[in-house]
Amino acid sequence: MERTEPQEPVTAADGAAPQDPPGGDPPETPEAPEAPDAPEPPDGPGAPDGPGAPEAPAAPEPPEAPDATDGKRRRPWVRRTGRVALGLVLAVLPLLAAETALRVNYRGDPADGTYTRGRDALWLGHAWVDGRKEDADVDALARRLKGTGIKDLYVHSGPLEHDGTLPKSAYPRARWLIEAVHRELPGVRVQAWLGDILAPEHPEALHLERAESRAAILRSTREVLDTGYDGVHFDLEPLHSGDGNYLKLLDALHEETESRDVPLSVAAHQIDPLPGLHSFWGALTGHPKWWSQEFFGQVARRVDQIAVMSYDTMQPLEGTYGGYVAQQTALALEVTPSSTDLLMGLPFFKENRFGHWAHAETVPAAVRGVRLGLSRTDADRTAFGVALYVDFAATEADWRAYRDGWVDEP
């Protein structure tokens, strides 16, 4: 927000106050000789307007104020410009320091053995369950995934209605896909990817604070699992850090999935790269974006699998993006229990906007960042992988980078 600085009053310290003339007070005007019987002048004794009265000498003019270029006084616009420049420097310096730290975080060599653990995942679009895909597409997918670490497919089967319900017409070909994947890709799980936009940022959306909405989500989950899905994956956004209603929902969902011996999986926001950044950013923009590390851990302890959406980071360079992913990997590892699969997202899509720059958020940078974070924090962890977003936007270069950097251990 722009702010107009008030102009300061000119003071003697600025060198602009009028000065007394040399020699002190100006000389007094001599009185004219008093004429006999002359009436007193109307303007009082000593008025110099009588006949023959000597003219008073003119008072000397004060010297001109020094020019702004003499180093003693600056004009208001100069002071304002200087203050604005100082403010910009103070704002930019922390940003430059943070970006430098991320770039440094991208340096070094990943530890030996920091490659796929066979627990990776792939997000698939809605076309796989609405009738647009056929057996030939499943065959092609099987060839694509052969020899990779993909264990889970998150198949978009929603979105949920804003009241938490989900019509079965949203996933009419789900059973066909599940059976085809089990046939062509033994051991690969098909999870129902469900989500919706959330209040309060979107008032006409899903309200998790309403008990009836959470109950409806639980019923919808039971229905999709009855269809034959191997698990359920939730992506609810934007989900603010510390949302206790979300934790209540996860407790209820996990009780259901655990009774069926299938995984409960969630997509997670990024963790504060600086302590409390979600609070500051939320106050500034109304969109907190990040989660606190504490809240991330609370979520991770309630699920079987948590996938960090480690893209859309606002990073301008490949090196700083990779360093950011390394930091996010380390922060997530610190609070995710060993019983929960932690997956780091890879950007298999290309966009150019304020929050995402395609030249910076690349798969090679993300993979290297993941390996660095894993190496520095818990290199031997087995419940770990990457999640590829998303199948319909992926290029051959993306798949090659995933294989070369994460799958094909030398």
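Contact here means heavy atoms within 4.5 Å of each other, and leaving aside its neighbours within four places in sequence, Leu153 is in contact with Leu122, Leu124, Leu141, Leu145, Val181, Val188, Arg189, Val190 and Gln191. The model is a predicted one, in which local features need pLDDT of at least 70 and side-chain atom pairs count only at pLDDT 80 or more, while totals for chains, interfaces and linings use all residues. Residues are numbered from 1 along each chain as its sequence is written, and side-chain values use heavy atoms, with hydrogens and water left out.

Leu153 also belongs to the largest nonpolar core, a set of 94 residues in which Leu153, Tyr229, Tyr246 and Tyr402 have the most contacts; such a core consists of buried Ala, Val, Leu, Ile, Met, Phe, Trp, Tyr and Cys residues joined through side-chain atoms within 4.5 Å. Helix α9 (residues 363-377) gives the most to this core, with 7 residues. Buried residues (under 20% relative accessible area, with exposed over 50% and partly exposed in between, for a 1.4 Å probe and protein chains only) make up 44% of the 410 residues in the protein.

The protein has 10 helices and 10 strands, taken as DSSP runs numbered from the N terminus (H or I of at least four residues for helices, E of at least two for strands). Among the helices is α4 (residues 211-227), whose 17 residues reach 25 Å from first C-alpha to last, close to the 24 Å expected when 1.5 Å is multiplied by one less than the number of residues. The buried residues of α4, including Ile217, Leu218, Val224 and Leu225, pack against α3 (174-184), β3 (189-197), β4 (231-237) and α5 (244-260). Gly228, with a positive phi near 125°, follows α4. In the loop between β3 and α4 lies Arg210, which is partly exposed, with a relative accessible area of 39%.

Turning to the aromatic residues, the structure holds 14 aromatic pairs, counted where ring centres of Phe, Tyr and Trp (its six-membered ring) lie within 6.5 Å, with planes under 30 degrees apart called stacked, over 60 edge-to-face and the rest tilted. The rings of Phe349 and Tyr389 have their centres 5.6 Å apart and their planes at 90°, so this pair is edge-to-face. Because Phe349 lies in the loop between β7 (341-347) and β8 (352-353) and Tyr389 in strand β10 (residues 384-389), the pair ties together parts that are 40 residues apart in sequence. Phe349 is buried, at 7% relative accessible area, whereas Tyr389 counts as partly exposed at 23%.
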